[in-house]
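I have a new model open and my notebook next to it. Here is what I looked up, entry by entry.

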Amino acid sequence: MASIDQRRDGVVTIFTVHGALTTATGDGELRRAVRAAVDEGARHLVLNLEDVVDIDSSGVAELASAHITTSNRGGTLRLCCLSKKLKQIFAITRLEDVFAIDASESAAIAVAAKWDDTARIRPRF
């Protein structure tokens, strides 16, 4: 079972995921946590996957759900701190083309926060 810690850094909500995102360990906890944060007004999310030891199609579905949830509400989702194993999986499956991925949590937060700054001044038509 994966465990998830959540915190805020300015306008960015950070989830640190621990354990495996697999069918055997998955219970939709990440999906529920992301949905609850977005329902409470979070727009920019960072998923720190440094402590994720394994992922399968069920875990990828959890990430896809998080991406769709944030996108549908006008927000952003960034992944960061992928292990060598996760980087390989993302490269083989071409998920690196789907998700915004940063090497560090601080880089992901900076990009998400900057996007929010520019979004506030973007004119509405």
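This is a predicted model: local features need pLDDT of at least 70, side-chain atom pairs count only at pLDDT 80 or more; totals for chains, interfaces and linings use all residues.

Entry 1: Is serine 104 buried, partly exposed or exposed? I looked up its relative accessible area, which is 28%. Buried would need under 20% and exposed over 50%. So I wrote down serine 104 as partly exposed.

Next I checked where serine 104 sits: it is in the loop between strand E5 (100-102) and helix H4 (105-121). Then I asked which residues serine 104 is in contact with, leaving aside its neighbours within four places in sequence. I found Cys80 and Cys81. I also picked threonine 22, which is 82 residues away from serine 104 along the chain. The C-alpha atoms of those two are separated by 23 Å.

Entry 2: Cysteine 81 lies in the loop between strand E4 (76-80) and helix H3 (84-92). Its relative accessibility is 13%, and the cut-off for buried is under 20%, so cysteine 81 counts as buried.

Then I looked at the backbone. Most residues other than glycine have a negative phi. Cysteine 81 isn't a glycine, yet its phi is positive, at about 60 degrees.

**Entry 3: another positive phi.** Arginine 94 is also not a glycine, and its phi is positive too, near 65 degrees. I found arginine 94 in the loop between H3 and E5. Is arginine 94 buried or exposed? Its relative accessible area is 56%, and over 50% means exposed, so arginine 94 goes down as exposed.

**Entry 4: a glutamate in a helix.** I moved on to glutamate 62, which lies in helix H2 (residues 57-72). Its relative accessibility is 8%, so I noted glutamate 62 as buried. What does glutamate 62 touch, once its neighbours within four places in sequence are left aside? I listed Gly28, Glu29, Leu30 and Arg31 as its contacts.

**Entry 5: aromatic rings.** How many aromatic pairs are there? The count comes to one. The pair is phenylalanine 90 with phenylalanine 99, and the ring centres are 6.0 Å apart. The planes make an angle of 50 degrees, and the pair is tilted. Both phenylalanine 90 and phenylalanine 99 are buried.

**Entry 6: the whole chain.** Time to zoom out. I counted four helices and five strands. Starting at the N terminus, the order of the elements is β-β-α-β-α-β-α-β-α.

How does the radius of gyration fit a compact globule? With 125 residues, such a globule would have a value near 14 Å, and the chain has 14 Å, so the two agree. The C-alpha atoms fill a box of roughly 45 × 25 × 25 Å along the principal axes.

I then looked at contacts between residues at least 6 apart in sequence: 68% of them join residues at least 24 apart.

**Entry 7: surface and charges.** Of the 125 residues, 42% count as buried. The chain exposes about 6,800 Å², and carbon and sulfur atoms supply 53% of that area. Last, I looked up the charges: there are 16 positive and 17 negative ones, and their mean positions are 7 Å apart.

Key. Residues are numbered from 1 along each chain as its sequence is written. Side-chain values use heavy atoms; hydrogens and water are left out. Rings of Phe, Tyr and Trp (its six-membered ring) pair if their centres lie within 6.5 Å; planes under 30 degrees apart count as stacked, over 60 as edge-to-face and the rest as tilted. Buried means under 20% relative accessible area, exposed over 50%, partly exposed in between (1.4 Å probe, protein chains only). Helices (H or I, at least four residues) and strands (E, at least two) are DSSP runs, numbered from the N terminus. The radius of gyration is taken over C-alpha atoms; the globule rule is 2.2 Å times the number of residues to the power 0.38. Contact means heavy atoms within 4.5 Å. Accessible areas come from the Shrake-Rupley method with a 1.4 Å probe; for residues, only the protein chains shown count as cover. Lys and Arg count as positive and Asp and Glu as negative; His and the chain ends are not counted. The place of a charge is taken as NZ of Lys, CZ of Arg, CG of Asp or CD of Glu.
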